[in-house]
Amino acid sequence: MNALFPDGFRWGAATAAYQIEGAAAEDGRTPSIWDTFSRTPGKVRNGDTGDIAADHYHRMREDVALMRQLGLTDYRFSLSWPRIQPTGRGPAVQKGLDFYRALSDELLEAGIRPVATLYHWDLPQELEDAGGWPERATAERFAEYAGLAAEALGDRITTWTTLNEPWCAAFLGYGSGVHAPGHTDDVAALRAAHHLNLAHGLATRVLRASVPSSAELSLTLNLHAIRAFSDAPEDRDAARRIDAVGNRIFLDPVFHGRLPADLIADTERITDWSFVRDGDLERIAAPIDSLGVNYYSPAVVGAGTSESPSPWPGAAERVRFEPAPGPRTAMDWPVDASGLHELLVRLRDELPGVPLLITENGAAYDDYADPEGEVHDPERVAYLDAHLSAAHRAIADGADVRGYFLWSLLDNFEWAYGYGKRFGIVHVDFASQRRTPKDSARWYAEVIARGGLLR
């Protein structure tokens, strides 16, 4: 019997503006922190930048045609803040908005629902120069930007996501420094996490007042499936610490209007959290309509110490990350779909009544076009099949999962890895910009047409 998904299940794919758009200096767009970071020697592999990327800005209609061929019901993309509001202040640039109007119209014409993310890490450089996410003003500027986007696009876009993976923006950007803007400061990382939460809450209120009442408002988190290395108390405490700074630092304020008490205790030697002002937690807990979950692999942790600088303030000096068993992707990430099931069931129990979307899931492998121009990627097909199976089991176990967005539609600029890692189900020859659907694209199209998996 086939593993079929519920009627109305949303079958999507996802991308991010800086990773695919290119046109980095066209039509009024100014630098983001990733333009600056990618030009800093030694920060991005091979000195790659997103200046051209997959040239989606000029090839948007070709890419939407590919989505139509796949049978996607939804497409998750991000709006480029510096393309819409170049300095992070003031009026919008109409040419930037026109691109997203045209993209949304093209999607709707193809029968594909536009799912827009307001922030996928491309902070306008001028706002970073003024202090970036560690500063409260950035959250306030973000709410203004949300208002500009909603006014221009609210008649077209029916699903709005405020932030993508604020954990990465805060802790990879300001803690370990491996992402833009490349700072290594535990206090700045914790301040950034709070102000990203605040930005989400403020923007949610703006959107709620600006877009039709039928619009869906959401947030996407890269929640960590954390496993203790053993049942020893010190290993269980390591897992608790990572859960606090990896998951509950976002889940508790957004859904419960509170900060985890153990997180505050874990980080008391770093900060007194005085940057959290009266009323902030109430603002952060603005009701949303769904939660996006990004999942790639689980983490195994035990007592010990992690490398410094670390993206785990308050935990690095007590926690060691252990290698997880099983096969690995080209990112050296373990393949274990059971972690996705664990996360979805956890959210079923902890957030009853909150619909869930799997907003990113996928894998990088060393793909190449063979002499016939075909791209065979059986490992990716196996990865996707296993994770969709895990999602199907979670639904059977009562998790309210409404959709699956594969990461990614296109090979793209993979952040600090440059163009060396390929997540797409469509191969991109970056020299010619030729698009070639991989075997995984054809497989996914069959899954969508069938409404589920063959078993």
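Modeller: Residues are numbered from 1 along each chain as its sequence is written. Because the model is predicted, local features need pLDDT of at least 70 and side-chain atom pairs count only at pLDDT 80 or more, while totals for chains, interfaces and linings use all residues, and side-chain values use heavy atoms, with hydrogens and water left out.

Colleague: Why is the contact between R156 and D155 called a salt bridge?

Modeller: A salt bridge is a side-chain nitrogen of Lys or Arg within 4 Å of a carboxyl oxygen of Asp or Glu; the side chains of R156 and D155 meet at 3.2 Å, N to O, so the pair qualifies.

Colleague: What makes R156 buried or exposed?

Modeller: Buried means under 20% relative accessible area, exposed over 50%, and partly exposed in between, with a 1.4 Å probe and protein chains only; R156 has 19% and therefore counts as buried, whereas D155, with 61%, is exposed.

Colleague: Why is R442 with E374 said to tie parts of the chain together?

Modeller: Their side chains meet in a salt bridge of 3.1 Å, N to O. R442 lies in helix α15 (residues 439–450) and E374 in the loop between β11 (356–360) and α14 (378–396), so the pair ties together parts that are 68 residues apart in sequence; helices (H or I, at least four residues) and strands (E, at least two) are DSSP runs, numbered from the N terminus.

Colleague: What makes R442 and E374 partly exposed?

Modeller: R442 has a relative accessibility of 37% and E374 a relative accessible area of 31%, so both residues count as partly exposed.
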